[in-house]
Amino acid sequence: PPSPPAIPAGAAAVPGAPPPTPATPASASRPRWIALALACALALAAGVAALVVATGGRAPREPEPPVVAIDPREVRDAEVFVLAFEHAGPHLEASAGARRIADRLVEALSRFDDVRVRRIVRDAPATPDTPGFVLSGTYDLRFGEAVVSARLESRAGGEVIWTRRVSLATSSLAAAAAEDSLVRDWSTVLGEPGGVIQAQVSRALGATPSFQDSPYGCIAIVYAYWRDFNPVEHARARECLSRGIAREPDFAHGHALKAYILLDEYRLGYNRRPGAAPLDEALASALQAVLLTPDRPRALQALCSVHFTRGDRSAAEPACRRGIAVNPYDNDLRADLGVKTILWGDFERGLALVDEATRFNPVPPNWYHAFGAVAAFMLGNQAEVIVRMRRAPVDGYLPGRLMRIVAEDLQGNTLAVREQMASLVSAQPELARTPRAVLRLVFPNEAILDRLTPLIERLATSDAGRRQVP
């Protein structure tokens with residue numbers, strides 16, 4: 001601190017005041033200041049060195065949000081906190097790359113209906129009614145290549161659920177395309193209805209009775225049904241959604257999903273109710289979903305599907321394309337438009353959409369394969385029909401079962417055709433009596449019907465369609 005001013009000569013001393021402090025020459029105080037500055041610099045250097053050792057040369061991570069208790073009855077979506085990605089070295093390019101990847105993942109994940117995304121800041125508020133996840137990552141720049149890694153952890157216990165690590169060239173013309181592919185791949189794997197986040201929520205909370213009757217529990221039941229199209233799960237989904245919407249009329253996602261469930265009652269004959277008009281009910285549900293959430297992909301997809309089933313392409317296609325514009329990372333929506341395009345008779349363009357969605361979906365559901373096989377069949381590529389149905393999971397989905405029988409017949413596997421056709425006719429007796437009417441519900445295209453109906457009719461009404469398996 002500076003010394004007090006000296007009392008001028010001749011001035012009267014103030015009674016009781018301390019004696020004056022002699023002035024210190026500037027040259028004498030300089031060494032103390034230099035020593036103090038050196039000490040601070042050494043302390044700072046030691047701190048930086050310790051930080052470098054502790055973080056491996058990367059910027060320190062933001063604090064993770066606290067773990068909170070969850071009431072399954074209140075769950076509506078999953079919450080993902082995206083931490084700032086760490087980066088190696090002092091390079092401005094590395095810092096910019098890390099920030100860009102994190103920002104793009106936030107933007108991509110926020111487009112999915114069931115995910116609430118938050119960029120993490122210090123002291124981020126916790127949401128007690130939402131399953132939480134933390135997405136973190138690193139961006140290491142080295143010799144013209146960026147090594148990007150990411151991992152998703154559960155806030156409840158810190159379990160590591162998913163990890164990825166890729167190398168991206170940073171100096172080639174393909175660098176931007178490679179980064180686009182990374183963002184699409186990671187966001188769809190995490191955020192889609194059958195993705196990592198939804199599967200983890202279902203595993204973590206699905207066993208609790210209160211979750212099964214919650215809004216998110218109804219959503220999880222629908223997603224489980226979509227994996228194998230089991231009529232029992234269809235009934236559970238319809239009942240759960242009906243109860244949820246009755247309790248919460250503004251449950252927009254519930255209205256959208258109920259539209260799909262009602263369409264399957266109409267098209268597949270699942271759990272039909274006497275005197276019901278499921279197609280009209282589906283339209284009302286889809287319109288309500290769009291009214292409540294006009295810019296959400298699943299609501300727009302539901303409206304597209306209802307208009308398609310009603311035969312109104314002029315209303316269906318714009319709704320699907322608007323949904324894709326809202327979320328270009330949604331593979332299911334893109335594949336769904338591909339299926340509809342196939343059924344509109346544009347087999348090559350529809351197949352291209354289905355294949356594009358398949359490339360970015362690590363476990364595509366049966367309907368991707370089934371309608372890809374339909375397009376290949378109509379294009380005269382029998383070998384491709386066989387390959388696609390070999391990849392398809394075996395489940396109760398009617399178009400998949402039909403195309404699997406077609407693939408077996410193309411290979412001359414008579415026994416397999418007999419067994420599968422007998423099982424299908426047992427579940428769908430009208431297939432043997434009026435095959436074209438049944439096929440029209442799932443393949444509403446005259447050219448497809450003209451090709452498939454004679455084949456299915458022959459198999460369904462011959463010994464293959466009777467339970468005479470040797």
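Let me start with a term: a residue is buried under 20% relative accessible area, exposed over 50%, and partly exposed in between, using a 1.4 Å probe and protein chains only. Asn271 is partly exposed because its relative accessible area is 28%. Asn271 sits in the loop between α8 and α9 (278-292), and its phi is near 50°, a positive value in a residue other than glycine.

Some ground rules. This is a predicted model, where local features need pLDDT of at least 70 and side-chain atom pairs count only at pLDDT 80 or more, while totals for chains, interfaces and linings use all residues. Residues are numbered from 1 along each chain as its sequence is written, and side-chain values use heavy atoms, with hydrogens and water left out.

Now the chain as a whole. There are 20 helices and six strands; helices (H or I, at least four residues) and strands (E, at least two) are DSSP runs, numbered from the N terminus. Of the 470 residues, 48% are buried.

Next, Asp140, in strand β4 (residues 132-142). Is Asp140 buried or exposed? Asp140 is buried, because its relative accessible area is 6%. Its side chain makes a polar contact with the side chain of Arg142, at 3.4 Å. A polar contact is a pair of N or O atoms within 3.5 Å; within protein, one must be able to donate a hydrogen and the other to accept it, and residues adjacent in sequence count only if both atoms are side-chain atoms.

On to the cores. A nonpolar core is a set of buried Ala, Val, Leu, Ile, Met, Phe, Trp, Tyr and Cys residues joined through side-chain atoms within 4.5 Å. Which residues have the most contacts inside the largest one? They are Phe371, Leu402, Met403 and Phe443, in a core of 85 residues. Helix α14 gives the most to this core, with ten residues. A second, separate core has 36 residues, including Val80, Val82, Leu105 and Val196.

Take Met403. Not counting residues up to four places away in sequence, Met403 touches Ala370, Ala373, Val374, Phe377, Val385, Met389, Phe443 and Leu452, where contact means heavy atoms within 4.5 Å. In soluble globular proteins, nonpolar side chains tend to be buried together.

Contacts also span the sequence. Among those between residues at least 6 apart in sequence, 64% join residues at least 24 apart.

That is the end of my part.
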